There are 2 protein chains.
Amino acid sequence: MKFALSHIPDIRFGADEIDNLGSHARRLGGARRAAIVMDSFLAGNGLGARLQDMLAAEGMTSEVYSDFAGEPKLRHLREAAAVARDADLVIGIGGGSALDIAKILACTAASGEDAMHYALAANPLPANALKKIMIPTTAGTGSETSATNIFAGPEGKKLWIWGAESKADLVILDPALTVSLPANLTAWCGMDAFVHAFEASTNRNAHPAGKLFGHQAMRLIAANLPEAVRNPSDLEARGRVLLGSCYAGIAIDNCGTAIAHTISHAMAGLAPVHHGLATALGFEISLPWLAEADTGDLAEAASVLGLPGAAGLAAFVTRLMDACGIARALPAGFGPFTADDLAREMRAPENQPMRRSTAREATDADLDTFARAIMTMQKEG
Amino acid sequence: MKFALSHIPDIRFGADEIDNLGSHARRLGGARRAAIVMDSFLAGNGLGARLQDMLAAEGMTSEVYSDFAGEPKLRHLREAAAVARDADLVIGIGGGSALDIAKILACTAASGEDAMHYALAANPLPANALKKIMIPTTAGTGSETSATNIFAGPEGKKLWIWGAESKADLVILDPALTVSLPANLTAWCGMDAFVHAFEASTNRNAHPAGKLFGHQAMRLIAANLPEAVRNPSDLEARGRVLLGSCYAGIAIDNCGTAIAHTISHAMAGLAPVHHGLATALGFEISLPWLAEADTGDLAEAASVLGLPGAAGLAAFVTRLMDACGIARALPAGFGPFTADDLAREMRAPENQPMRRSTAREATDADLDTFARAIMTMQKEG
């Protein structure tokens, strides 16, 4: 046994914990000016002004950047950098996009370099990144505890910036911030987190410390996601899913993902689709195949879910997705594409690391089978 | 549900991971000169020179301080500070004493203040503490992941320095470094870690994130400590106990201890006794009383150990201590003292926080009962 566990930030959990943002920001030390990156939906809600008031009460000035939607683009990173001039603290609040923009910003603001300077590990991140507080509101990506940050480059190509320097110093998990998330997004984001936990716990890079978080995330999400979807204001269920998503972020930060993410990223390469939905669909159609590998890690994951063995995993996940009301359907944008198109995307170089880390070898024929299963799904519109 | 999880350092686990100390030190950034605090036993073994060679290969100079034994005294902290002049990295390697000295040193070296400046939270620790690598070799105190540091003040009084600033940046868990620990120390230190995990998971401050670590620590230690005692060179068993001890350190860093530590610290106030032995003895005699409280946390701890309920805990722990060959006997130094003397120590102000955090209210009559049970044990010599 040999493994590395990457550092885990301070975590504060509780309904309305956001009300303590001011004192948390002050305790992080020396901050005078904060850059807040937040979803425009939240900013429009008055939350931006509220956070600025809290910071002002601690003697800090702040600026809000919320002029983005969907996955982060290079343009957003540059606009955020302009807002962050002179900031010594970055606060990210929202879904994975807001958090990824904020984490990258904390690095580029420290060095003055453009985001492209760091894309695909072209250069190491600066050691003196600004302090970062991350506040997830969607319970899905786990970006608040990971070192990975995704954005679309100049030609729309998916790029990443990776490094421990981009990780949060403090994570605030406030379930009250998640109650307004619509049912379908709650389900999709929650399943994304479940798949993070499952894949990190069962792929070839799985290790005991990663599984400690991955297993607990699977328990928390499987036991509480259906209730969070059915009863959006159930703070207990919301909180457990939020904590599970955070633990799942720790799991993938250490052990990464696998085949469901190869499929999911390939789908995103064809047409716009919510990452959580694509991941859930890719997970469900590949799991019967994966479970046949029947490794010790798969058996352990099954046991964590109360199942006698890996053979029960696929039915369990199908029941979970049913209980969360997830329609097995593709967005209309997939209309023009064939299974061959999707299989080609699955074979793209950038999707091979996840394919290779899968516990079972995925042959080209396997990918063709997965692609057919996805593309024969009903299409919307 | 509301809780705080304090940050967790980078952790590298593996037999002979110590061989990578040089590259770890380099990666921590900017270090040119390291102060190494290590047990004299290890320094005498040639390990000190080996570590210095590794650092030299990375262009770093270093000094070793190992002139201490037993619990750290103020004098040791001052001697270490003299050695650390101009250091920008502190490496602690050994038992809890070496790690506590190293962690305090990283703070005093940064500010130039004496350790007494920070004792009992007289002043906040400096925000710019030196980088710290902690390498435990006894699998017991969990100091490598905690913010608590213990030493004896000018009049021999037990003092503490507490603060997140004193926490490690990197922990190296190398089971190969623990194989030379004698059987009785392996058992005592391992039981200390087990009690950390149990008390953190069941006291009034227990919370879900702390229990994630406490429960896993209980599983790892209960399942592997007897084998580590019986077969000292079993690296698998040693490794699982070492990881369990590290997780137990995370658990107490967040949730603290309880009545067994009130008893253990009181015993140390009377006569010299190994902390792990005193804690194990105090735990075993108070557990039947504690288990009667039958709280949800106690039931959960029992379930983690494969027991149907809290009523089975006491017998389980007695079997575990038997399997580890722990003699229920006091050092000869306890000869002159009575149960009343011990009960008075238990009521000392510094031992009340642990008493109060216990899941069941410990009355003065309860303390008298515990004191009698301890003092009627066989005395050595």
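This is a predicted model: local features need pLDDT of at least 70, side-chain atom pairs count only at pLDDT 80 or more; totals for chains, interfaces and linings use all residues.
**Loop residues with positive phi**

- Most residues other than glycine have a negative phi.
- B:D16 is not a glycine, yet its phi is positive, at about 70°.
- B:D16 counts as exposed because 12 other C-beta atoms lie within 10 Å, and the cut-off for exposed is 12 or fewer.
- In chain A, A:L120 also has a positive phi, about 55°, although it is not a glycine.
- The loop that holds A:L120 runs between helix 5 (96-111) and strand 6 (131-136) of chain A.
- A:L120 is exposed, having 12 other C-beta atoms within 10 Å.

**Helices 7 and 8 of chain A**

- Helix 7 (residues 208-230) of chain A packs against helix 8 (residues 235-255) of chain A at an angle of about 150°, and their axes are 7 Å apart.
- That angle makes the two helices of chain A roughly antiparallel, because angles over 145 degrees fall in that class.
- Helix 7 of chain A passes helix 8 of chain A in a left-handed crossing.
- On the helix 7 side, the contact includes A:F213, A:L220, A:I221 and A:L225.
- Helix 8 of chain A contributes, among others, A:V241, A:L243, A:Y247 and A:I250.
- Sorted by class, the residues of this contact are 15 nonpolar, six polar and three charged.

**The nonpolar core**

- In soluble globular proteins, nonpolar side chains tend to be buried together.
- The largest nonpolar core has 260 residues, and A:L105 and B:L105 are those with the most contacts inside it.
- Neighbours within four places in sequence aside, B:L105 is in contact with B:A35, B:V37, B:A80, B:A81, B:A84 and B:V90.

**Where chain A meets chain B**

- Contacts between the chains involve 20 residues of chain A and 20 residues of chain B.
- On the chain A side, the elements giving two or more residues are strand 1 (2-5), strand 2 (10-14) and helix 7 of chain A.
- Strand 2 of chain A gives the most to that side, with five residues.
- The side of chain A that touches chain B has 11 nonpolar, six polar and three charged residues.

Definitions and conventions
Residues are numbered from 1 along each chain as its sequence is written. Chains are lettered from A and ligands numbered from 1 in the order in which they are written. Axes are lines fitted to C-alpha atoms, for helices over the stretch in contact, and angles run from 0 to 180 degrees between N-to-C directions. Helices (H or I, at least four residues) and strands (E, at least two) are DSSP runs, numbered from the N terminus. Angles under 35 degrees count as roughly parallel, over 145 as roughly antiparallel, 65 to 115 as roughly perpendicular and the rest as oblique. A crossing is left-handed if the near helix is turned anticlockwise from the far one by less than a right angle, and right-handed if clockwise. Two residues are in contact if their C-beta atoms, placed from the backbone, lie within 7 Å. Ala, Val, Leu, Ile, Met, Phe, Trp, Tyr, Cys and Pro count as nonpolar, Asp, Glu, Lys and Arg as charged, and the others, Gly among them, as polar. A nonpolar core is a set of buried Ala, Val, Leu, Ile, Met, Phe, Trp, Tyr and Cys residues joined through C-beta atoms within 7 Å. A residue is buried if 20 or more other C-beta atoms lie within 10 Å of its own, exposed if 12 or fewer, and partly exposed in between; C-beta atoms are placed from the backbone.
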